[in-house]
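Thanks, everyone. I have one structure to go through today, so let me put it on the screen.

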Amino acid sequence: MPVEITWWGHATCTVEDSNIRVLTDPLFARRLAHLRRRRGALPSEEARRADLVLVSHLHADHLHLPSLAALAPGTRLLVPRGARRAVPGVRRLRHLRITEVAPGDEIRVGELLVRVVPALHDGRRLPVGPHRSPALGFVLEGETRTYFAGDTGLFDAMAERVGPVDVALLPVGGWGPYLGEGHLDAGRAAQALARLAPRAAVPVHYGTYWPIGLDAVRPHEFHAPGDEFVRLAGGAAPDVAVHKLGHGESARLEVAR
């Protein structure tokens, strides 16, 4: 059975493997603070159906409390260790089954094993807040091994810490005209692809949200990262099949090990 990937926009994806539906960093808002959704319709109710939900770090565009509150009662949610203390609103999500995790942890859900891996990113909720939670990536091991990177920069031990994977969901952009440290742009994402050497990749975390009033400031940083990643990946990792999805589009990936 192939893995099926649906990209809903930003870092929000559904991964279906071994009859388990996994939702990543759900963000179902038309507007978030100074950000406005510029492309793609809001995800449908179908997007909110999941057996397991993963949150990679505490930033509000990844741990979005209203989107988590909209999940069905009983949904299992994995969040970074310390999330309840750092973000009091997490404690109010009493309808969800919440587990705090850190790199090295493994969680089994049905036939799917979830490995928690590190990410190079500021895991704090606020830029000036105390650093209470790690930023995470996740590897889903079922019939296919799928890596969801969350937000991360390149780091020397990336391939070693992530391990062998078949599919990589990699951030290739952001939500503003400049990317700070701890992020992948299209070029660094292509380098990550060369290190990880999966069989397939899907670019995410670009082309969805943009600051209100900044439409004319470096607009190529909003529109271009997906196409640029495809181009650069062709040179850095020519054996990897890159699937650039539109918002709400799915790809069924037959990945033979």
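I'll start at a turn. Strand 2 and strand 3 make a hairpin with two residues between them, and serine 18 in that turn has a positive phi of about 55 degrees. Please keep in mind that this is a predicted model. The two strands run antiparallel and are joined by five bridges. Within that pairing, glutamate 16 stands opposite arginine 21 of strand 3.

Glycine 9 has threonine 12 in strand 2 as its bridge partner. Strand 1 and strand 2 also form a hairpin with two residues between the strands, and there histidine 10 takes a positive phi near 55 degrees.

How many of the six residues of strand 2 are buried? Five are, so strand 2 is largely enclosed by the rest of the structure.

Now to the end of strand 3, which covers residues 20–24 and includes threonine 24. Is threonine 24 buried or exposed? Its relative accessibility is 0%, so threonine 24 counts as buried. A polar atom of the threonine 24 side chain lies 2.8 Å from the backbone oxygen of alanine 11. Beyond its neighbours within four places in sequence, threonine 24 contacts Ala11, Thr12, Cys13, Leu54 and Phe148.

Seven strands are arranged in the order 9-10-11-12-13-14-16, with mixed pairing. Strand 9, residues 106–109, and strand 16, residues 241–242, are the edge strands, each pairing on one side only. Strand 9 runs antiparallel to strand 10, residues 112–118, through four bridges. Glutamate 106 is opposite arginine 115 of strand 10.

Two helices are worth a look here. Helix 4, residues 186–196, lies across strands 12, 13, 14 and 16, and runs at about 160 degrees to strand 13.

Helix 6 has 12 residues, 225–236, and spans 16 Å from first C-alpha to last, close to the 16 Å expected at 1.5 Å a residue. Its buried residues are Pro225, Gly226, Phe229 and Ala233. They cover an arc of only 90 degrees around the axis, so they sit on the same side of helix 6. What do the buried residues of helix 6 pack against? The list is strand 13, helix 4, strand 14, helix 5 and strand 16. Arg231 and Gly235 are exposed, on the face of helix 6 turned away from the buried side.

That's all from me.

Definitions and conventions:
Residues are numbered from 1 along each chain as its sequence is written. This is a predicted model: local features need pLDDT of at least 70, side-chain atom pairs count only at pLDDT 80 or more; totals for chains, interfaces and linings use all residues. Side-chain values use heavy atoms; hydrogens and water are left out. Two strands pair if DSSP finds at least two bridges between them. Contact means heavy atoms within 4.5 Å. Axes are lines fitted to C-alpha atoms, for helices over the stretch in contact, and angles run from 0 to 180 degrees between N-to-C directions. Buried means under 20% relative accessible area, exposed over 50%, partly exposed in between (1.4 Å probe, protein chains only). A polar contact is a pair of N or O atoms within 3.5 Å; within protein, one must be able to donate a hydrogen and the other to accept it, and residues adjacent in sequence count only if both atoms are side-chain atoms. The expected span of a helix is 1.5 Å times one less than its number of residues. The arc is that of the directions from the helix axis to the C-beta atoms.
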